[in-house]
Amino acid sequence: TSLAEARGARVLWGRCWEAGGAPAYWPWVQTLRAYIRDGNEGRIREQLQPVAGDIAQMLPELNELFSGLPPPPSLDPEGARFRLFDSTASLLRDAGKAQPIVLVLDDLHAADKPSLLLLQFLARSLREARLLVVSIYRDTETRPDDALTEAVAEVRREPVTRAVRLSGLGVAEVARVIELTASTSSTDELAAAIRRETEGNPLFVGELVRLLASEGRLAEAASETGALSIPQGVREVIGHRLRHLSSDCKSLLSVASVLGREFRLDALERLSESPPERILEQLDEAERAGI
């Protein structure tokens with residue numbers, strides 16, 4: 001986003017609320033509020049004037065910005081939603097004409113269905129717009145039958161979309177995280193050890209570096225990764241990832257973790273005292289969940 005801003009683009013962030021209870025369209029509400037609050041007042045009034053009545057369904061505060069704003073026409077729910085989507089797309093296209101817009105929707109795996117439908121609608125309107133929408137989600141949080149999976153499939157059909165699958169950080173990038181997080185230089189050995197221990201997961205790298213730095217063990221960590229403790233933040237993330245699995249599957253993974261990152265099926269069978277068919281069923285469950 002800093003690169004986009006340096007090139008003259010306006011960056012707007014919308015984050016989905018994972019704990020539940022957020023109103024409909026919450027990530028879109030955040031981005032539009034930021035645009036209206038921090039933009040040129042005269043230009044924004046001009047852009048909003050023809051669409052404010054519809055967008056006020058999502059942003060009620062527009063009734064204060066535009067006194068005497070007429071209510072949107074009485075329509076069936078589907079018609080009202082279409083007008084809202086069309087007006088939002090129109091506003092963002094007009095905004096991009098004045099200044100390129102980068103709109104970031106974070107934690108989209110926690111988005112409500114109306115927000116995902118608006119994203120699908122907007123994706124069909126981007127061909128001529130100076131607007132880049134970056135949608136970020138954890139694919140381990142999706143299921144084949146949920147709304148996000150359907151929305152992603154629909155959005156990816158549009159010619160303007162690109163899918164970028166993120167992988168773990170490399171050794172050089174881990175070294176940079178160490179320098180930024182711990183305010184100290186990193187050796188190749190330390191960065192390689194942290195990379196090996198975390199497989200480059202950015203959250204795990206940051207949490208482990210912070211823990212080691214707070215304990216004063218960062219300098220010696222390169223030679224003792226086998227004894228590194230797991231930071232609480234990482235434990236919480238792992239617990240969150242495992243919450244959808246059955247108790248039998250989680251028990252099997254606990255047993256498998258004793259064997260290490262790689263193990264033979266016969267060893268797991270002896271240790272768990274379970275038949276191989278049952279073990280394969282539970283491992284399939286874990287694999288489907290991205291574990």
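Ser-186 is buried, at 16% relative accessible area, where buried means under 20%, exposed over 50% and partly exposed anything in between (1.4 Å probe, protein chains only). The model is a predicted one, so to speak of local features takes pLDDT of at least 70 and side-chain atom pairs count only at pLDDT 80 or more, while totals for chains, interfaces and linings use all residues. Residues are numbered from 1 along each chain as its sequence is written, and side-chain values use heavy atoms, with hydrogens and water left out.

Ser-186 sits in the loop between helix H9 (171–182) and helix H10 (188–198); helices here are DSSP runs of H or I with at least four residues, strands are runs of E with at least two, and both are numbered from the N terminus. Leaving aside residues up to four places away in sequence, Ser-186 touches Ala-175, Ile-178, Glu-179 and Ala-191, contact being heavy atoms within 4.5 Å.

The disulfide count comes to zero, taking a disulfide as a pair of cysteine sulfur atoms within 2.5 Å.

Strands S2 (residues 101–106) and S3 (residues 131–135) run parallel and are joined by five bridges; pairing requires at least two bridges found by DSSP. Leu-103 has Val-133 as its bridge partner in S3.

Further along, helix H14 (residues 265–272) packs against helix H15 (residues 276–288) at about 105°, with the axes 10 Å apart. Axes are lines fitted to C-alpha atoms over the stretch in contact, and angles run from 0 to 180 degrees between N-to-C directions.
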